[in-house]
Amino acid sequence: LSGLNRAGRISNPSELVKKTGAVSLNVPYRWVNNSPNLVEIAHDMGLHVATWTPNSPEDIQVSISHGADAIMSDNVRALKAAVLAHNPQNHSIRQS
């Protein structure tokens, strides 16, 4: 919490990442939907980005198109279909 200012915002994200040794940013998918450059900024700081619980095919696609490194969803079928549609050669998904 030392990196948060009075408004509850991170005052210096780069410094907070260095100080804590963070390696990833795990956020609700809506953050990525509402801030399209969030993933790029996090990647520039050396962070992996994971989004959680986009369940509609459209919301899953937004996380993929903005470059999320990991997506956690309750709708596994939609997630698998979206990842395979984006990259049919993806070997991290079983073809069963």
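Helix α5 has five residues that are buried (under 20% relative accessible area, with exposed meaning over 50% and partly exposed in between, using a 1.4 Å probe on protein chains only): Ala78, Leu79, Ala82, Val83 and Leu84. What covers these buried residues includes α4 and β3. Helices (H or I, at least four residues) and strands (E, at least two) are DSSP runs numbered from the N terminus.

This is a predicted model, in which local features need pLDDT of at least 70 and side-chain atom pairs count only at pLDDT 80 or more, while totals for chains, interfaces and linings use all residues. Residues are numbered from 1 along each chain as its sequence is written, and side-chain values use heavy atoms, with hydrogens and water left out.

**The chain as a whole**

- The protein chain holds five helices and three strands, and reading along the sequence gives the pattern α-β-α-α-β-α-β-α.
- Of the 96 residues in the protein chain, 29% are buried.
- Contact here means heavy atoms within 4.5 Å. Among contacts in the protein chain with a separation of 6 or more, 27% are between residues 24 or more positions apart.

**How the strands pair**

- Two strands pair if DSSP finds at least two bridges between them.
- Strand β1 (residues 24-28) and strand β2 (residues 48-52) run parallel and are joined by five bridges. One place to look is Leu25, whose bridge partner in β2 is Val49.
- β2 is also joined to β3, by three bridges, and these two strands run parallel. Here Thr51 stands opposite Ile71 in β3.

- Thr51 is found in strand β2 and is buried, with a relative accessible area of 0%.
- Leaving aside neighbours within four places in sequence, Thr51 is in contact with Val27, Tyr29, Val32, Ser63, Ala68, Ala70, Ile71 and Met72.
- Trp52 also has its place in strand β2, but counts as partly exposed at 39% relative accessibility.
- With neighbours within four places in sequence set aside, Trp52 is in contact with Asn26, Val27, Pro28, Tyr29 and Met72. Trp52 and Arg30 are 22 residues apart in sequence, and their C-alpha atoms are 8.9 Å apart in space.
- Thr53 lies in the loop between β2 and α4 and counts as partly exposed, at 33% relative accessibility.
- Most residues other than glycine have a negative phi. Thr53 has a phi near 50°, a positive value in a residue other than glycine.

**Ser73 and the residues around it**

- Ser73 sits in the loop between β3 (70-72) and α5 (76-86), and is buried, with a relative accessible area of 15%.
- A polar contact is a pair of N or O atoms within 3.5 Å; within protein, one must be able to donate a hydrogen and the other to accept it, and residues adjacent in sequence count only if both atoms are side-chain atoms.
- The Ser73 side chain makes a polar contact with the side chain of Asn55 (2.9 Å), and also reaches the backbone oxygen of Pro54 at 2.6 Å.
- Not counting residues up to four places away in sequence, Ser73 touches Thr53, Pro54, Asn55, Ile60 and Leu79.

**Pro57 in helix α4**

- Pro57 belongs to helix α4 (residues 57-65) and is partly exposed, with a relative accessible area of 46%.
- Pro57 and Lys80 are 23 residues apart along the chain, and their C-alpha atoms are separated by 9.9 Å.

**The second largest pocket**

- On a 1 Å grid over the protein atoms alone, a pocket is an open set of points where a 1.4 Å probe fits, with protein on both sides within 12 Å along at least five of seven lines; lining residues have an atom within 4 Å of a point.
- The second largest pocket has a volume of about 160 Å³, where volume is the space filled by probe spheres set on the points, and grid points are joined across faces, edges and corners.
- Its lining is made up of Ile64, Ala68, Asp69, Ala70, Ile71, Leu79, Val83, His86, Asn87 and Asn90. The elements giving two or more residues to this lining are β3 and α5, and α5 gives the most, with three residues.
- By type, the lining residues of the second largest pocket divide into six nonpolar, three polar and one charged. Ala, Val, Leu, Ile, Met, Phe, Trp, Tyr, Cys and Pro count as nonpolar, Asp, Glu, Lys and Arg as charged, and the others, Gly among them, as polar.
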